[in-house]
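Please look over the sequence and the structure below before reading on.

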Amino acid sequence: MTRRTIELPVIFALAILVAPLAASTQQPARLPTIGFLGATTPAAQSPWTAAFVQRLRELGWIDGPNLVIAYRWAEGQTARVAEITAEFVRLKVDVMVTHGTAQVVAAQQATSVIPIVSAVTGDPVGTGRVASLARPGGNVTGLSVQSTDLAVKRLELLREVVPDLRRLAILANVGHPPSLLEMREVQTTARTLGLEVATIEIRQAEDLAPAFDALKSRGEALYIPPDSLINTHRMRITTLALGAGLPTISGFREYVVAVRSHVLWTRLLGPVSARR
């Protein structure tokens, strides 16, 4: 795992360079096959998959003539991830390409033989998935986003946007280990800054509406550790945050794209939904 943050379209394009297809081991009649596990939906990930396909084409790999890409979409559902990775093992794909901690964990549990390329994932050391970034071992490679390292900076930016901030709310998917790590870092930092902290926990899409009902009287701004569930429902979350009048910060550019007219974006630290 490489400790750095890179835009997902570029990472997807690099995936095949990191883990070459094992075409030479297959029967001549069978095309090399990539099992592409999308954490969210085809629409949500369309810019990334387009960049991935384009880079493959530039490298001489075209879906159909000399390659098969088996697309599967988890739609933010953890249970679906396990089903997809098991299917890829049955299909005997040559490599799995995915992103996100839950997807990588499921792939690791499904196979120790098929190469797994993770375009981006949460802290692999902090979540106990690899021994070290220098020597991860096993059949997984790729890139990690050390989102926890930027949590303090994001909180500092939020305080600049809302200088009189006293109460901070955190909306986190507690079923996602990296989100827990980031949540704890934000909690610690917020308290050292003298802020009251209210944590709203979710595990599924159905928890979002009740969560925002609870936020109305508990926070003056909102911090969201991103994950596949959050990203799948980013439009709804951003709309709910705007409706509640909550300045909101997270680590994904897509939150800004979702509601362009109401957001402030800094490429370095992440998006902030701000009152107008």
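How are α7 and α9 oriented to each other, roughly parallel or roughly antiparallel? The model is a predicted one, in which local features need pLDDT of at least 70 and side-chain atom pairs count only at pLDDT 80 or more, while totals for chains, interfaces and linings use all residues. Residues are numbered from 1 along each chain as its sequence is written, and side-chain values use heavy atoms, with hydrogens and water left out.

Two packed helices are described by the angle between their axes and the distance between the axes. Helices (DSSP runs of H or I, at least four residues) and strands (runs of E, at least two) are numbered from the N terminus; axes are lines fitted to C-alpha atoms, for helices over the stretch in contact, with angles from 0 to 180 degrees between N-to-C directions.

| Helix pair | Axes come within | Crossing angle |
|---|---|---|
| α7 (residues 208-215) and α9 (residues 234-243) | 11 Å | roughly 20 degrees |
| α3 (residues 78-91) and α4 (residues 101-110) | 9 Å | roughly 40 degrees |

Helices α7 and α9 are therefore roughly parallel to each other, given that angles under 35 degrees count as roughly parallel, over 145 as roughly antiparallel, 65 to 115 as roughly perpendicular and the rest as oblique. Their contact (heavy atoms within 4.5 Å) is made by L208, A209 and F212 of α7 together with R236, I237, L240 and A241 of α9.

Helices α3 and α4 are, by their angle, oblique to each other. Here V81, A82, T85, A86 and V89 in α3 meet A102, Q103, A106, A107 and A110 in α4.

Aromatic rings of Phe, Tyr and Trp (its six-membered ring) pair if their centres lie within 6.5 Å, with planes under 30 degrees apart counted as stacked, over 60 as edge-to-face and the rest as tilted; the count comes to four aromatic pairs. The ring centres of F36 and F52 are 5.4 Å apart and their planes stand at 45 degrees, so this pair is tilted. It links distant parts of the chain, with F36 in strand β2 (residues 33-38) and F52 in helix α2 (residues 46-58), 16 residues apart.

As for confidence, the protein averages a pLDDT (the predictor's confidence in each residue, from 0 to 100) of 78. Over residues 1-19 the pLDDT stays under 50. Where pLDDT is low, the predicted coordinates should not be read in detail.
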